Amino acid sequence: MITLATATVRRGPMLAVLLAGQVMASMDGSIVSVSAQTIRADLDAGGAAIQLIVSGYLLTTGVLLVTCARLGDILGHRRAFLLGLGWFTVASLLCGLAPNAAILVVARVAQAVGAALLMPQVFSLIQLHWEGAARRRAIGIYSMVLALGVALGQIVGGLVVGADLFGLGWRPVFLINIPIGVVLLAIGPRVLLGARSDDTPRLDLAGVAVLTVAMTAFTAPLIFGPDNGWPVWAWISLCCGAILFTAFVRYESKARQPLLDPKALRPVGVKPGLAACWIIMGCYTVFLLTLTLHLQSALRFTPFEAGVAFVPYAVGFGSLSLSWNRFHPRLQNVLPLLGPVAFGAGAATIALLARTEWPGLVSVPILAIAGAGHAAGYSPLIAQVSSLVDTRFASAVSALNSTGPLLASVTAVAGLGSVYFAAPASADGLVRVVAAITGLLVIGALCAQRVRSASLA
């Protein structure tokens with residue numbers, strides 16, 4: 001049984017601190033991509049080092065998220081969040097001061113450890129300390145931050161590198177986290193509420209070992225395989241990862257204190273709901289990537305211009321994320337069905353119109369509709385899923401909600417990214433990718449219907 005701390009502060013400041021930490025961690029997954037060439041020139045880094053600097057963060061975070069979510073149960077979610085935030089802030093300083101590529105790679109891995117520790121605590125604390133309409137509102141804001149962190153990273157990265165602040169080149173991309181982290185660490189202990197469990201949870205070390213190897217074996221080839229021509233080791237690693245995932249699931253079903261409690265998935269509608277959320281986030285990531293590549297390679301946009309082009313999408317997503325909980329309950333229930341359709345329709349329209357030139361002002365409403373569709377398909381759905389699960393499984397749902405979208409995004413980028421690069425022209429690749437994600441979004445809508453049926457039952 002979980003006993004919540006008595007609320008002595010307003011939850012608004014608490015949510016602000018949690019989401020500020022989340023957005024820092026989310027942004028750092030993409031903010032470095034924009035500055036990769038500047039880092040390469042300044043540090044005389046080779047291609048392998050740049051891959052590790054950019055992708056090592058994503059790989060390390062993905063491998064550790066489930067374990068760190070469980071550590072939240074053991075350490076306390078409040079303490080784990082603050083520890084992860086402090087770790088992330090110090091590692092960001094090390095990244096910004098790195099004198100060579102090798103130290104930057106190590107610092108990036110350390111930064112990812114802090115991110116993996118703080119991120120799952122955000123959703124867990126929201127589940128524990130918000131209820132009813134307040135929880136739906138908090139999840140809407142959380143969803144907006146989670147999805148837009150990637151796009152925001154590209155925009156901020158382009159601005160910071162282009163401005164060459166104090167003549168430091170790429171370093172402010174990391175150093176910008178320091179003042180933010182220090183402020184959050186000063187405020188956090190005053191505004192974050194904790195929770196006490198009557199249980200004495202332990203870390204399932206065998207489960208950690210199996211899952212860590214499985215995640216590494218599965219994600220490493222997806223991240224590094226495409227850039228290296230899909231060597232034999234990548235396919236072997238993928239197969240080993242799939243086998244180890246199966247072994248992990250079987251082991252967890254029998255473990256006394258499982259790392260990821262299977263009971264969290266038992267309520268009807270939870271599994272298809274999470275699957276739909278993962279599909280939507282994976283489709284968003286690959287759409288963002290391929291459209292950005294098309295804008296820069298075929299239409300000659302600068303990185304900053306490509307980032308700004310997504311502003312209408314961000315506005316549409318943010319507006320609906322913040323307002324859907326005010327809609328009539330019947331409309332809230334069907335939003336996860338309508339959202340993926342609107343997202344797919346908007347993405348397909350943009351892909352067709354942008355084949356030869358950017359559609360200018362016409363793109364604004366289309367991208368806004370696509371963004372709103374994305375929000376409608378994700379935010380109400382994850383709120384419905386969380387309402388189906390008891391709060392004692394908060395860390396398990398948080399782990400799945402953090403790890404699933406990341407795995408879906410990595411898989412989509414590896415698979416559909418290869419489709420894009422294999423096409424004879426950028427425009428053809430973009431259309432093929434969008435056709436694929438449109439089909440996937442239809443599957444996501446069908447999964448969402450299962451959740452709707454469970455919620456109404």
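**Cysteines, charge pairs, a bent helix and a surface patch**

The sulfur of C95 lies 17 Å from the closest cysteine sulfur, that of C68, which is too far for a bond. The structure is a predicted model, in which local features need pLDDT of at least 70 and side-chain atom pairs count only at pLDDT 80 or more, while totals for chains, interfaces and linings use all residues. Residues are numbered from 1 along each chain as its sequence is written, and side-chain values use heavy atoms, with hydrogens and water left out.

To stay with the cysteines, a disulfide is a covalent bond between the sulfur atoms of two cysteines, and here the term is applied to a pair of cysteine sulfur atoms within 2.5 Å. C283 is also too far from a partner for such a bond, because its sulfur is 11 Å from the closest cysteine sulfur, which belongs to C447. A search of the whole structure accordingly finds zero disulfides. C95 is buried, with a relative accessible area of 0%, and C283 counts as buried at 2%; buried means under 20% relative accessible area, exposed means over 50%, and partly exposed lies in between, with a 1.4 Å probe and protein chains only as cover.

Charged side chains do find partners, and the count comes to five salt bridges, each being a side-chain nitrogen of Lys or Arg within 4 Å of a carboxyl oxygen of Asp or Glu. One of them joins the side chains of D28 and R108, at 3.9 Å from N to O. D28 sits in the loop between α1 (11–27) and α2, whereas R108 belongs to helix α5 (residues 101–129), so this pair ties together parts that are 80 residues apart in sequence. D28 is buried at 1% relative accessible area, and R108 is buried at 0%.

Another salt bridge links D428 and R355, at 3.4 Å from N to O. Because D428 lies in helix α17 (residues 426–456) and R355 in the loop between α14 (329–353) and α15 (363–388), the pair ties together parts that are 73 residues apart in sequence. Here D428 is partly exposed, at 23%, and R355 is partly exposed as well, at 37%. The side chains of D390 and R392 also meet in a salt bridge, at 3.6 Å; D390 is partly exposed at 40%, while R392 is exposed at 52%.

Helices here are DSSP runs of H or I with at least four residues, numbered from the N terminus. Even so, α2 has a kink of about 45° centred on Q37, the bend being the angle between axes fitted to the seven residues ending at a residue and the seven starting there. The buried residues of α2 are I31, V32, S35, A36, I39 and L43, and the helix is followed by D44, whose phi is positive, near 55°.

On the surface, L159, F304, V308, V311 and V315 form a nonpolar patch with about 390 Å² of accessible area together. Helices α12 (303–309) and α13 (311–323) each supply at least two residues of this patch. V315 lies in α13, and its relative accessible area of 47% makes V315 partly exposed.

How values were computed. Patches are made of residues with over 30% relative accessible area and no salt bridge: like charges are joined within 9 Å, nonpolar side chains (Val, Leu, Ile, Met, Phe, Trp, Tyr) within 5 Å. Accessible areas come from the Shrake-Rupley method with a 1.4 Å probe; for residues, only the protein chains shown count as cover.
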